[in-house]
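The following exercises are to be worked with the sequence and the coordinates side by side. Each task is followed by a solution that goes step by step.

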Amino acid sequence: VLFRATASAGDPAVASTRKVRTEVDGPPLYFVYSGSTPKFLAVTKTLERAGLVRARDEPVCWSLLWTSQVTAETLAGFEEHQRTNHFPGSEVLGRKDLLITQLLTMEQRFPVGYAVSPAGFVLPRDARGWQASVEEDPQAVWIWKPCNGRCGNRIALLSPSTSPEDASKVGELCHKRGVVQRYIANPLLIDGYKFDLRVYVVVLSYDPLKVYLNTEGLVRLATQRYTMDSETFGTKTMHLTNYSINKYSPDFVPNTDRADGAPLAGDGCRPSKWSFQELRQYLQHHGLDYDALFARIEDLVIKTLIAADPAIRRASSSPAEGVEAVGANLASHCFEIYGFDVLVNSKLRPWLLEVNIHPSLRTDSPLDKRIKFQLVADTLNLVGLRQPRDAASAGGRGGVRRHPSRRGRDGEHKAGAKDGSVGGATSRLTAARLASMSPSSAVAAFTEEAWEIVLDAYDEELRSGGLRRIFPRENGERYAMYFDEESFGNVVLRKWHEAGGGNDLLSQQRSHEFCGKAGGGPDASIMERLPPPP
């Protein structure tokens, strides 16, 4: 199914030489929109414009479940073609205490090069550690946040050395559930205003890990000029960049955005929300390297996701008691859009503030509309929704009638082969053997199962639109050591990209360069899936 941003979002139609028109009398595709998540027009309108029908009370063979959370138990009842917009266990990213715990664990294992978030503590568990840090560096400023807080609510900025009231709050907050981190006192400023970045990241799978970064995003500015005067620490519109706070400020300036996505004309009025395109132009004008900044942001994103990888994979592969899943990774049904909130300091170093597993897709302004409609369309194209296999035989109006909350009772889980887990000791031995080889030798030794993983990933990238793959990548070997155990799928895709990947290497496969070696190259059925060489 081809998804496009709505015409009203100001985006030109996406040209595609790979479009194939389906039969006009084909069966309809359905989506389910449920859970506590508010209705986002960027989601529902994009789906409906592509011809999908929202399933309400009637039982239908739906293709997409858009919801607020899923469990392994729910996934165990999915049909092969069904997809959903969350991974089980992703709260390990979304809850601030769990996120900091995962990152601190990785920093302890890898003391050099893994610090992606400001130094912090989980309270009340780490209260003694925080108190010791306050005593060790009394001049430090700290920011306290509730574990599940949203929209800047209940955040406190603390300067124990300059405020007796803050000093007494330290003892009080030690007994409250939350997280406390060093406050980044030297943020990069835009015309004197603090800002942060909302970076949209799409994870297509965790095994193998496949990560895409949206090339557009939001730059969110505070509405009062920044100063580190301790008397201003209670001024949220200066020290917090949340749109939900600053939009009520009398100094907030909407971004009217041009329909073609071009930067605003210079009228002397600085909007309180920018696009990345506008940020690039601002940084270049001031002699700052936008591309170098985003290379560091990509590194931050990858390390954060690797830190969460074990917990999410465990949650995805362990269905509730009484639900049987046979030989398949339940997470092959899942994808997820994350909102990474990133603060950049004056040295152009990015720091992770938090990860939103329910990023707002509200379209309150032309800028939001342009970016978020395109994000949703590109994500759905990347996921690749397909018609259920038995829909035609069911008359186009139902097929398997299964509600997303219903358990699988037939003892068989029908997940597709889109994950890279082959299971057991054989998988580990094969992964270890490939990992020890040079990239070209590893590719020559690929089994048909490995080629399926490569071709699935390659086909997905052809559908990526404005999303850019950041993992796996050509220099992926430097991330291999961070995995608890590099899975078969991760090794396959790493070796594939290290060997060159893309059309060039696929063309080599067409000429059977690797035939006669171990693995013999892909067989004819896989070769037929390759596009012609450039």
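**Exercise 1.** In what order do the 4 strands of the open sheet stand, and is their pairing parallel or antiparallel?

*Solution.* In this predicted model, the order across the open sheet is E2-E1-E3-E4, with parallel pairing. Strand E2 (53-55) and strand E4 (83-84) stand at the edges with a single partner strand each, so one side of each has no neighbour in the sheet. Helix H1 (residues 41-49) lies across E1 and E3, and runs at about 170° to E1.

**Exercise 2.** Determine how helix H4 packs against helix H10, and which residues meet there.

*Solution.* Begin with the geometry: the axes of H4 (residues 96-109) and H10 (residues 290-316) are 9 Å apart and form an angle of about 100°. Because angles of 65 to 115 degrees count as roughly perpendicular, H4 is roughly perpendicular to H10. Next, list the contact: Leu99, Gln102, Leu103 and Met106 of H4 meet Thr304, Ile306 and Ala307 of H10. By class, the residues of this contact comprise 5 nonpolar, 2 polar and no charged.

**Exercise 3.** Identify which residues of H4 are buried, and what covers them.

*Solution.* The buried residues in H4 are Lys96, Asp97, Leu99, Ile100, Leu103 and Met106. Their cover includes helix H3 (91-94), H10, and the strands E5 (120-123), E6 (142-145), E8 (178-182) and E15 (350-356).

Methods. Residues are numbered from 1 along each chain as its sequence is written. This is a predicted model: local features need pLDDT of at least 70, side-chain atom pairs count only at pLDDT 80 or more; totals for chains, interfaces and linings use all residues. Side-chain values use heavy atoms; hydrogens and water are left out. Axes are lines fitted to C-alpha atoms, for helices over the stretch in contact, and angles run from 0 to 180 degrees between N-to-C directions. Helices (H or I, at least four residues) and strands (E, at least two) are DSSP runs, numbered from the N terminus. Angles under 35 degrees count as roughly parallel, over 145 as roughly antiparallel, 65 to 115 as roughly perpendicular and the rest as oblique. Contact means heavy atoms within 4.5 Å. Ala, Val, Leu, Ile, Met, Phe, Trp, Tyr, Cys and Pro count as nonpolar, Asp, Glu, Lys and Arg as charged, and the others, Gly among them, as polar. Two strands pair if DSSP finds at least two bridges between them. Buried means under 20% relative accessible area, exposed over 50%, partly exposed in between (1.4 Å probe, protein chains only).
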